[in-house]
Every structure is written in structure tokens, then in C-alpha cells.
Amino acid sequence: YADSGETYLEAGSKFNNYIFVCQAADAFYFGDDLDRALSSARDCIKQAEGKEKSADTVATARARIADSLNQRGVYGEALSEITEALKTNSNDAFFLLTKATTLYGLGRYWDSVTASKAAIQASDGKYGFMHSQLGFALFKLRDWDSARESFERAADLNPTDPEPLYNMAACFQNSGSKRDAITLYKKV
């Protein structure tokens, strides 16, 4: 990813084309180089904003910034960025998930539930990690049964991932169903 990012930046400079800078931001983001992802995404926005047919590209760059900031715990600025991204594509499942994660980080659990449900609906419910995000917010709200159901859906969608089972066990434990909790903890 780092080599791809470097090549895209070089092409962006050589051909004076914002698309390459935006692609560099994606490469750095997927390569977990958050510093370079953030700087490239910000350069992408500066170069692309206002240009014809650039709205989706700018929205994606804003979403990359928001997700990178979430990973660093900078939730206020992340919320601003993802809110702007959603103005362009309000039904993007991954943008909605980023918003749910941001709201969760801000301690706005009811709002996180709403955004998580919207992400699940936009993706037709096919991603277990989206169900898990919903479960995390419901868990914080102490809605043990609903949280457990969300983690159960996540486990069904990704049966090799032990995390949803562990989270289901925690829900059982908190709701007083200790036998069910022990059974799942052992399975994990």
C-alpha cells in the first residue's frame, strides 16, 4: 500500500490531477498509515472541491478522514467530516457505519443505534461487523436482549469470529443468565 500511495502521489504531482492524490489517500488508509492517509485525503479535498463530478471523491476522502480520526479518538472532528460526506451520499452503508462508530465514541449511544440500524439497512444486513456495532451501542444502553440478538446476527454472518460469541456471553451474564453465559464463554 505504501508503494501504491507513493506512486499515486507522484502521478498526482506529475499530471496535476486530484484523482491520483485521492487514490493515494485510499492506499495509505488501507495500509494503516493514518498520518499519510489524513494528509493525502485533506490534499484531495483541497484539490477536488468545486471541480465537476468530484462530489463522490470528496465524500470518500471525508469518510477516510473521519474513520482515521475515529481510530485516534478524535470524535468531534470525525463527526463533522462524516456528516459532510453523508450530504453527498446519505445511504452509503460504510459512511453510516463510520457515523455510528463516531457517535459511539462520543457516548451518544441512542444516536449510534440509529446510525447502526441505517448502515445495516443500507447494506441489506450482510455485514456482521455492522450488527456488532449496533450490539455495542445497545450494550452500553443496557438493553441486554437486543444487544445479544445483534451479536448473534454477527456470529451467524461470521461463524469463525469468536468476538460476537464473547459479547453474547457478556449479554447473558449481565441479564442474569449465567448458565448461558458460561456455555458461550467455554465455546469462545
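**Figure 1. Buried residues of helix H2 in the predicted model.** In this predicted model, the buried residues of H2 are Tyr-18, Val-21, Cys-22, Ala-24, Ala-25, Ala-27, Phe-28 and Tyr-29. They pack against helix H1 (2–15), H3 and H4. H2 has 13 residues. From first C-alpha to last, H2 reaches 19 Å, close to the 18 Å expected at 1.5 Å a residue. Asn-17 caps the N-terminal end of H2. The cap places a side-chain oxygen of Asn-17 2.9 Å from the backbone nitrogen of Ile-19. Just after H2, Asp-32 takes a positive phi of about 60°.

**Figure 2. The disulfide of Cys-22 and Cys-44****.** The sulfur atoms of Cys-22 and Cys-44 lie 1.9 Å apart. The link is right-handed, with 90° about the S-S bond. Cys-22 sits in helix H2 (residues 18–30) and Cys-44 in helix H3 (residues 34–48), so the pair ties together parts that are 22 residues apart in sequence. Both Cys-22 and Cys-44 are buried. A search of the whole structure finds one disulfide.

**Figure 3. Ser-68 in helix H4****.** Ser-68 counts as buried because its relative accessibility is 1%, under the 20% cut-off. Beyond residues up to four places away in sequence, Ser-68 touches Tyr-29, Leu-34, Ala-37 and Leu-38. One of these, Tyr-29, is among the buried residues of H2.

**Figure 4. The largest nonpolar core****.** This core has 45 residues. Those with the most contacts inside the core are Ile-65, Ile-82, Phe-95, Met-130, Met-168 and Leu-184. Helix H4 (residues 55–71) gives the most to the core, with seven residues. Now look at Phe-95. Leaving out residues up to four places away in sequence, Phe-95 touches Ala-59, Thr-60, Ala-63, Ile-82, Ala-85, Leu-86 and Asn-89.

**Figure 5. Helix H10 and its cover.** H10 spans residues 162–175, 14 residues in total. The distance from its first C-alpha to its last is 20 Å, close to the 20 Å expected at 1.5 Å a residue. Buried in H10 are Pro-164, Leu-165, Asn-167, Met-168, Ala-169, Ala-170, Cys-171 and Phe-172. Cys-171 counts as buried because its relative accessibility is 1%. The cover over the buried residues of H10 includes helix H8 (128–140), helix H9 (144–157) and helix H11 (178–187). At the N-terminal end of H10, Asp-161 provides the cap. A side-chain oxygen of Asp-161 lies 3.1 Å from the backbone nitrogen of Glu-163. Just after H10, Gly-176 takes a positive phi of about 95°.

**Figure 6. Arg-148 of helix H9****.** Is this arginine, Arg-148, buried or exposed? Arg-148 counts as buried because its relative accessibility is 17%, under the 20% cut-off. Aside from neighbours within four places in sequence, Arg-148 is in contact with Met-168, Cys-171 and Phe-172. Met-168, Cys-171 and Phe-172 are among the buried residues of H10.

Figure 7. Lys-140 is found in helix H8. Lys-140 counts as partly exposed because its relative accessibility is 45%, between the cut-offs of 20% and 50%. Aside from neighbours within four places in sequence, Lys-140 is in contact with Tyr-104 and Tyr-109. Tyr-104 and Tyr-109 form one aromatic cluster together with Phe-136 and Phe-151. The count of aromatic pairs comes to ten. The C-alpha atoms of Lys-140 and Pro-162 are separated by 20 Å. Along the chain, Lys-140 and Pro-162 are 22 residues apart.

**Figure 8. The whole protein, for orientation.** The protein has eleven helices and zero strands. From the N terminus on, its elements run α-α-α-α-α-α-α-α-α-α-α. Its C-alpha atoms fill a box of roughly 65 × 30 × 30 Å, taken along the principal axes. Of the 188 residues in the protein, 43% are buried. Among contacts with a separation of 6 or more, 45% join residues 24 or more positions apart.

Terms used. Residues numbered from 1 in each chain as written. Predicted model: local features only at pLDDT ≥ 70, side-chain atom pairs only at ≥ 80, totals over all residues. Heavy atoms only, no water. Core = buried A, V, L, I, M, F, W, Y, C linked by side-chain atoms within 4.5 Å. Buried < 20%, exposed > 50% of the residue type's maximum accessible area, 1.4 Å probe, protein only. Helix = DSSP H or I, 4+ residues; strand = E, 2+ residues; numbered from the N terminus. Contact = heavy atoms within 4.5 Å. Disulfide = S-S within 2.5 Å. Expected span 1.5 Å × (residues − 1). Polar contact = N/O pair within 3.5 Å; in protein donor to acceptor, adjacent residues only side chain to side chain. Phe/Tyr/Trp six-rings, centres within 6.5 Å; stacked < 30°, edge-to-face > 60°.
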